[in-house]
Amino acid sequence: MSESSTPAHALPPDGHPRPGTLYLVPAPLDFGCETQVPVEDGLPAATLRAAAGLGHWVCENAKSARALLKRIDSVAPLTVPIQQMSIRELPREVHKKGDHGGGFDARGLLVDLQAGHDVGLLSEAGMPAVADPGSSVVRAAHDLGAPVVPLVGPVSLLLALAASGLGGQDFAFTGYLPQDAEARRQRIRDLEGLALKRGQTQIVIETPYRNEAVLQALVQTLQPNTRLAVASGLTLPQAQISSRSVKAWRALPERALGKLPAVFAFGR
């Protein structure tokens, strides 16, 4: 059977192919970091085997997707050579604006799925469609009647929340804070109001090179008794997780984070 042919199992009695399965494949959290951990340390064997069996992909960036597939191949041999894989990229505007709002129709990226092939959805780090693009692809798969299967792997938001000491029964991830200093301070105050009034833990992220500015803004803006947790470099050997009152944060002689991916959580 050629790579472009429709799998026999995908042809029901009426002759029309059933869609394949969309697999949500988590990636290690070391994307963009100077050091990488062994891929099997962050992804369980079953996830690696499932990823190794896929020959069709939708991803943020084809180059980094191929790099991850090479890492997977070293521990779980790929069934399709990378050069023969179908790898489709999400468009650039999705990277800039996200696709969680429902404005992007991703069905055009799922022609392989519609033809009966299983497809992997991959983001740069962690679980696709969680704090990363990909939700439009998942929506499109559901609309096409395709099964959607999330595979087990690291999700930085939940790892940080679990290690924060903050409430995990009611929490909200609100993405990135504004870059403008005054708008950022006001957003922090608004989120803190929700956290203190409702007991809802607030979670935000930032690109690594803005870590110091965001930490500084949180420490300066939040009330002294509010608890602030910072988790950086999760799953890496240099991971650091700190959780203390803002008053205690202010008393620290230095608060360097470095340029590692970080998650910030605050609340009661």
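I began with the lining of the largest pocket, which by class has 22 nonpolar, 13 polar and nine charged residues. Here Ala, Val, Leu, Ile, Met, Phe, Trp, Tyr, Cys and Pro count as nonpolar, Asp, Glu, Lys and Arg as charged, and the others, Gly among them, as polar. A pocket is an open set of points on a 1 Å grid over the protein atoms alone, where a 1.4 Å probe fits, with protein on both sides within 12 Å along at least five of seven lines; lining residues have an atom within 4 Å of a point.

**Ground rules.** This is a predicted model, where local features need pLDDT of at least 70 and side-chain atom pairs count only at pLDDT 80 or more, while totals for chains, interfaces and linings use all residues. Residues are numbered from 1 along each chain as its sequence is written, and side-chain values use heavy atoms, without hydrogens and water.

**Pocket, continued.** I looked up which residues lie nearest the centre of the largest pocket: they are Ala 131, Asp 132, Tyr 176, Ile 205 and Glu 206, out of 44 lining residues. Elements that each supply at least two lining residues include strand S6 (171-176) and strand S7 (201-206). Helices (H or I, at least four residues) and strands (E, at least two) are DSSP runs, numbered from the N terminus.

**Parallel sheet.** Next I traced five strands in an open sheet, ordered S3-S2-S4-S1-S5, with parallel pairing; two strands pair if DSSP finds at least two bridges between them. At its edges I found strand S3 (86-89) and strand S5 (148-150), each pairing on one side only. Three bridges join S1 (residues 22-25) to S5, and Tyr 23 stands opposite Val 149. Helix H6 (residues 135-143) packs on this sheet, at about 160 degrees to the direction of S1. Axes are lines fitted to C-alpha atoms, for helices over the stretch in contact, and angles run from 0 to 180 degrees between N-to-C directions.

**Inside H6.** Its buried residues are Ser 135, Ser 136, Val 137, Val 138, Ala 140 and Ala 141, buried meaning under 20% relative accessible area (1.4 Å probe, protein chains only). Just after H6, Gly 145 takes a positive phi of about 80 degrees.

**Mixed sheet.** I then followed a second open sheet of five strands, S6-S7-S10-S8-S9, whose pairing is mixed. S6 and S7 run parallel over four bridges, with Phe 171 partnered by Thr 201 in S7. Helix H8 packs on the sheet and touches S6, S7 and S10, where contact means heavy atoms within 4.5 Å. Helix H9 lies across S7, S8 and S10, at about 10 degrees to S10.

Methods. Buried means under 20% relative accessible area, exposed over 50%, partly exposed in between (1.4 Å probe, protein chains only).
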